[in-house]
Amino acid sequence: MSNELEQMREPLLAAIADAPALDALETIRVDTLGKQGRITQLLKTLGKMSPEERQVEGPKIHGLREAVTEALGARKSALEQAALDARLASERLDMTLPVEGGSFGTVHPVSQVMDELAEIFADLGFAVATGPEVETDWHNFTALNIPETHPARAMHDTFYLAGVEAGGDERTVRRVLRTHTSPVQIRTMLDQKPPIRIIAPGRTYRSDSDATHTPMFHQVEGLVIDKGITLGHLKWTLETFLKAFFERDDIVLRLRPSYFPFTEPSAEVDVGYTIEKGKRVIGGHPGRDGGGGWMEVLGSGMVHPKVIEACGLDPNEWQGFAFGCGIDRLAMLKYGMDDLRAFFDGDIRWLKHYGFASLDVPTLSGGVGA
């Protein structure tokens with residue numbers, strides 16, 4: 001029996017090691033360890049042996065079975081890994097090739113409009129500035145000349161964060177979710193020396209929700225600080241911006257006197273619209289070009305001397321203008337959306353309808369709009 005086992009062992013292990021494929025390996029397994037396999041038959045002979053013979057031959061037969069089982073497992077793993085490697089090699093994708101009939105995803109209208117704004121204002125010499133969404137009460141209100149009794153500070157309009165930081169500096173005491181991106185203007189004036197030309201796009205938060213308001217929305221603000229800045233510079237900048245954004249040369253603006261704590265004088269900016277095929281279209285002169293009217297699009301004004309002074313600058317030397325508008329509202333006006341809440345519903349059907357191709361990058365030469 002011992003000689004027979006030794007004669008079986010080496011050829012079996014060699015056959016297993018040389019098995020070219022999984023089906024050949026399975027044939028060997030069945031031939032050796034199956035119900036009628038050779039090693040299985042040897043195990044059955046143990047019952048007919050005497051106790052002394054079983055003590056001698058049992059370990060040898062079990063040893064052969066364990067060696068074959070281990071060799072089968074190792075070879076199976078090697079063959080499966082080789083098959084996987086071959087499959088991966090055959091299914092490899094060349095990421096440098098153009099996509100055929102596919103897409104890299106859909107760009108949200110808010111992201112698209114942010115890119116359009118950055119492109120337009122970059123051509124006018126503006127940089128993009130950012131700041132924290134969790135702001136201090138000082139940056140969000142006090143430095144912007146918003147008094148303690150102003151309605152904007154009311155709890156029903158502002159999301160205040162629980163807890164108050166210890167310390168004597170009023171700039172670090174109370175924190176809020178910023179209600180506008182104006183704190184970015186403050187931080188920029190504190191950190192940079194004039195002249196300053198920036199836009200500050202980003203998320204803002206107010207306690208409000210209906211078809212045209214959401215608790216979180218997107219806003220862009222612009223700031224220019226330099227010597228000799230006048231209201232005329234502001235009007236030209238806004239007119240140039242809106243013509244480029246709506247891609248029409250017949251944009252007509254109307255500046256109405258208004259009040260903002262951080263600008264003086266302040267002006268609401270209306271843009272003329274006309275009626276085309278029963279729809280409101282931005283552009284044209286109201287009353288002259290087929291009816292229409294005026295629509296408010298943004299607020300603006302000359303930076304208040306107290307704001308300039310709060311940032312450590314001399315208002316007698318430096319002047320500036322600022323403006324701000326909702327990015328979501330700009331997207332609604334340009335691309336014909338009616339309900340602001342749909343912007344944040346996460347409905348893939350809405351995004352496929354109103355979204356933009358991922359490679360459609362806005363350029364002034366090719367047109368900022370899609």
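**Entry 1: α5 and its helix neighbours**

I looked up the crossing of α5 and α8 in this predicted model and found that α5 passes α8 in a right-handed crossing. I took the handedness by the rule that a crossing is left-handed if the near helix is turned anticlockwise from the far one by less than a right angle, and right-handed if clockwise. Helix α5 covers residues 109-123 and helix α8 covers residues 231-246; their axes come within 10 Å and cross at roughly 130°. That makes α5 oblique to α8. On the α5 side the contact is made by Val113, Glu116, Leu117, Ile120 and Phe121, and on the α8 side by Thr237, Phe241, Ala244 and Phe245.

I note the terms here. Axes are lines fitted to C-alpha atoms, for helices over the stretch in contact, and angles run from 0 to 180 degrees between N-to-C directions. Angles under 35 degrees count as roughly parallel, over 145 as roughly antiparallel, 65 to 115 as roughly perpendicular and the rest as oblique. Contact means heavy atoms within 4.5 Å. Helices (H or I, at least four residues) and strands (E, at least two) are DSSP runs, numbered from the N terminus.

I then looked up α5 against helix α10 (residues 327-335): the two pack at an angle of about 95°, with their axes 9 Å apart. That makes α5 roughly perpendicular to α10. Val110, Val113, Met114, Glu116 and Leu117 of α5 meet Ile327, Asp328, Leu330, Ala331, Lys334 and Tyr335 of α10. Val113, Glu116 and Leu117 are named on the α5 side for α8 and again for α10.

**Entry 2: source notes**

I number residues from 1 along each chain as its sequence is written, and side-chain values use heavy atoms, with hydrogens and water left out. Since the model is predicted, local features need pLDDT of at least 70 and side-chain atom pairs count only at pLDDT 80 or more, while totals for chains, interfaces and linings use all residues.

**Entry 3: whole chain**

I read 11 helices and 12 strands in the protein chain. Buried residues make up 40% of its 370 residues; buried means under 20% relative accessible area, exposed over 50%, partly exposed in between (1.4 Å probe, protein chains only). Among contacts between residues at least 6 apart in sequence, 66% join residues at least 24 apart.

Which strands pair with β8? I counted two strands as paired if DSSP finds at least two bridges between them. Strand β7 (residues 253-260) runs antiparallel to β8 and is joined to it by 7 bridges, and a hairpin links β7 to β8 through 2 residues. Serine 258 has serine 266 in β8 as its bridge partner. Strand β10 (residues 293-303) pairs with β8 in the antiparallel sense over 9 bridges, with tryptophan 294 in β10 as the partner of glycine 272. Strand β9 (residues 279-282) is also antiparallel to β8, over 4 bridges, and isoleucine 282 in β9 partners tyrosine 273. The hairpin of β8 and β9 has 2 residues between the strands, and lysine 277 there takes a positive phi near 55°.

In β8, 10 of the 14 residues are buried, so the strand is largely enclosed by the rest of the structure. I placed glutamate 264 in β8 (residues 263-276). Glutamate 264 is partly exposed at a relative accessible area of 47% and touches Met302 and His304, not counting residues up to four places away in sequence. The unreviewed UniProt entry covers Glu264 with the annotation "binding site"; such annotations may be inferred rather than shown by experiment, feature names are shortened, and positions are in the numbering used here.

I found α7 (residues 182-191) mostly covered, with 7 of its 10 residues buried. These are Ser182, Pro183, Val184, Gln185, Ile186, Thr188 and Met189. They pack against elements including β5 (196-205), β6 (216-226) and β11 (319-326).

Alanine 322 lies in β11 and is buried, with a relative accessible area of 8%. Leaving out residues up to four places away in sequence, alanine 322 touches, among others, Gln185, Gly222, Leu234 and Gly301. I read 5.7 Å between the C-alpha atoms of alanine 322 and glycine 301, which are 21 residues apart along the chain.

**Entry 4: Gly105**

Glycine 105 sits in the loop between α4 (51-90) and β1 (106-107) and counts as partly exposed at 30% relative accessibility. Its C-alpha atom is separated by 8.7 Å from that of phenylalanine 356, 251 residues away along the chain. With residues up to four places away in sequence left out, glycine 105 touches Phe356 and Ser358.
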